[in-house]
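Hello,

The structure we spoke about is below, and my notes follow it. Please read them with the model open.

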Amino acid sequence: MTEIEIKKVTLSDIDQLQKIGRQTFYETFATGNTEENMTKYSDERFSAEKLTTELNDNNAEFYFATLNDNVIGYLKLNFGQSQTKH
């Protein structure tokens, strides 16, 4: 039986995090937004610089969900000062 595995994301996983983050964002919000808005948000929110900052934040953690060694989703947890209201 195949099982979904959970793996903590590290800086060496940044390319895959960027890819799954953009893909998930696009699949979720593309129908209600312009291509220009989608590109702008995706470029800002999922830039390597932004993701590196977040991965180095002690109050944030990212995890991948993998199936057969393929990333199928991700989760970000914020703690303390990194917690936001939106």
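**Aromatic contacts and overall layout**

Tyr41 counts as partly exposed, because its relative accessibility is 39% (buried means under 20% relative accessible area, exposed over 50%, partly exposed in between, with a 1.4 Å probe and protein chains only). Phe25 is buried, with a relative accessible area of 13%.

Before the rest, the basis: this is a predicted model, in which local features need pLDDT of at least 70 and side-chain atom pairs count only at pLDDT 80 or more, while totals for chains, interfaces and linings use all residues. Residues are numbered from 1 along each chain as its sequence is written, and side-chain values use heavy atoms, with hydrogens and water left out.

The chain has three helices and three strands, in the order β-α-α-α-β-β from the N terminus (DSSP runs: helices are H or I with at least four residues, strands E with at least two, numbered from the N terminus). The C-alpha trace spans about 40 × 35 × 25 Å along its principal axes. Of the 86 residues in the chain, 27% are buried. Among contacts with a separation of 6 or more, 55% are between residues 24 or more positions apart; a contact means heavy atoms within 4.5 Å.

Four aromatic pairs turn up in a search of the whole structure (rings of Phe, Tyr and Trp, the last by its six-membered ring, pair if their centres lie within 6.5 Å; planes under 30 degrees apart count as stacked, over 60 as edge-to-face and the rest as tilted). Phe25 and Tyr41 are a stacked pair, because their ring centres are 4.5 Å apart and their planes stand at 25 degrees. This pair links distant parts of the chain, 16 residues apart: Phe25 lies in helix α1 (residues 14-29) and Tyr41 in helix α2 (residues 35-45).

Phe25 also forms a tilted pair with Phe46, at 6.3 Å centre to centre and 50 degrees between the planes. Here the partners are 21 residues apart, with Phe25 in helix α1 and Phe46 in the loop between α2 and α3 (48-55). Both Phe25 and Phe46 are buried. Ring pairs join Phe25, Phe29, Tyr41 and Phe46 into a cluster.

Phe46 has a charged neighbour as well: the charged end of Arg45 sits over the Phe46 ring, 5.6 Å from its centre (the criterion is NZ of Lys or CZ of Arg within 6 Å of the ring centre and within 35 degrees of the ring normal).

Regards
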